[in-house]
Amino acid sequence: MVQRQRIRPTQARAVQMRRALLDATVQLLERPGGRALSTTAIVRRAHVSSGTFYRYFNDKAEILTVLRDEAVVAIKADLMSAVVAALDLEQEDALRLVVEALVAAFERHRAVIGAVVEQLPAGPNANVLPEIEADLHQLASLLPRRHRPDLSAEELEAVVFLTMGVLVSTCLRISLHRPAQVDREGLIELATRMLTAGLSAGRADDHQDDDLPEDRSGDRHGDRRGGQHGDRADPEG
């Protein structure tokens, strides 16, 4: 049976209590071993009874869903600000700004996103935040549209589809799984260069001639004819 999400309270005290439960959950997730979350740990951290918890949430899965939705809203806001600021920059600088903003936003919500990832069957390979990628697809398409006016609508869509998916997964990987010995800024710079190369890819028809075998028959015949004429004695000579 699917449980219905609790109605969000409107009275000030109830709002504060619900917020206290959410904040307590985040604090637990940020601690070492915090991914092993339980309702008992949440109520202890928030200094409330189990009855109070179930007044606002059905279970720990619901409280994680609420935290995930809050994280998505905050990340979207950061992303929109970054894209708007990037519109006045050159392509590589614009992409660097978006990468930096997205990595920082994911890092601010690392505990919640990490807990959500662990709940998914595909783990870190899953599309954890499809809403972010959808918004990024719409917002970030403004950048290649401005810098690549030579692309057709279909080519632009293909470039945006691939590069924006790579952008989200790459920024998530930097935020959640960066090895301690690997420099954060170096990874951001590498991601920027990769995305710049993707957005700078030429049109499909620019490479069609390169894929065709070179026909040298005309040159050979021309050379042969030229040679024959060259060897022929000049009758007036």
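Predicted model: local features only at pLDDT ≥ 70, side-chain atom pairs only at ≥ 80, totals over all residues.

**Entry 1: charged pairs**

I started with Arg-108, which forms a salt bridge with Asp-78, the closest N and O atoms being 2.6 Å apart. I checked where the two sit: Arg-108 is in helix H5 (residues 91-108), Asp-78 is in helix H4 (residues 60-86), and the pair links distant parts of the chain, 30 residues apart. I take helices as DSSP runs (H or I, at least four residues), numbered from the N terminus. A salt bridge here is a side-chain nitrogen of Lys or Arg within 4 Å of a carboxyl oxygen of Asp or Glu. By this rule I get 10 salt bridges.

Residues are numbered from 1 along each chain as its sequence is written, and side-chain values use heavy atoms, with hydrogens and water left out.

Is Asp-78 buried or partly exposed? Asp-78 counts as partly exposed, at 27% relative accessibility. My cut-offs: buried is under 20% relative accessible area, exposed is over 50%, and partly exposed lies in between (1.4 Å probe, protein chains only).

**Entry 2: from H10 to H5**

Next I looked up Arg-184. Its salt bridge is with Glu-107, and the closest N and O atoms are 2.9 Å apart. This pair also links distant parts of the chain: Arg-184 belongs to helix H10 (residues 184-199), Glu-107 to helix H5, 77 residues apart. Arg-184 is partly exposed at 22% relative accessibility. I then found one network, in which salt bridges that share partners join Glu-92, Asp-93, Arg-96 and Glu-189.

**Entry 3: Arg-68 and Asp-69**

I read 3.5 Å, N to O, for the salt bridge between the side chains of Arg-68 and Asp-69. Arg-68 counts as buried at 15% relative accessibility. Asp-69 is partly exposed, with 37% relative accessible area.

**Entry 4: rings**

I counted 2 aromatic pairs. Phe-53 and Tyr-54 are edge-to-face, 5.2 Å centre to centre with 85° between the planes. Phe-53 and Phe-57 are tilted, at 5.8 Å and 45°. My rule: rings of Phe, Tyr and Trp (its six-membered ring) pair if their centres lie within 6.5 Å; planes under 30 degrees apart are stacked, over 60 edge-to-face, the rest tilted.

Which residues make up the aromatic cluster? Phe-53, Tyr-54 and Phe-57 form one cluster. Phe-53 and Phe-57 are both buried, with Phe-53 at 0% relative accessibility. Tyr-54 is partly exposed at 37%.
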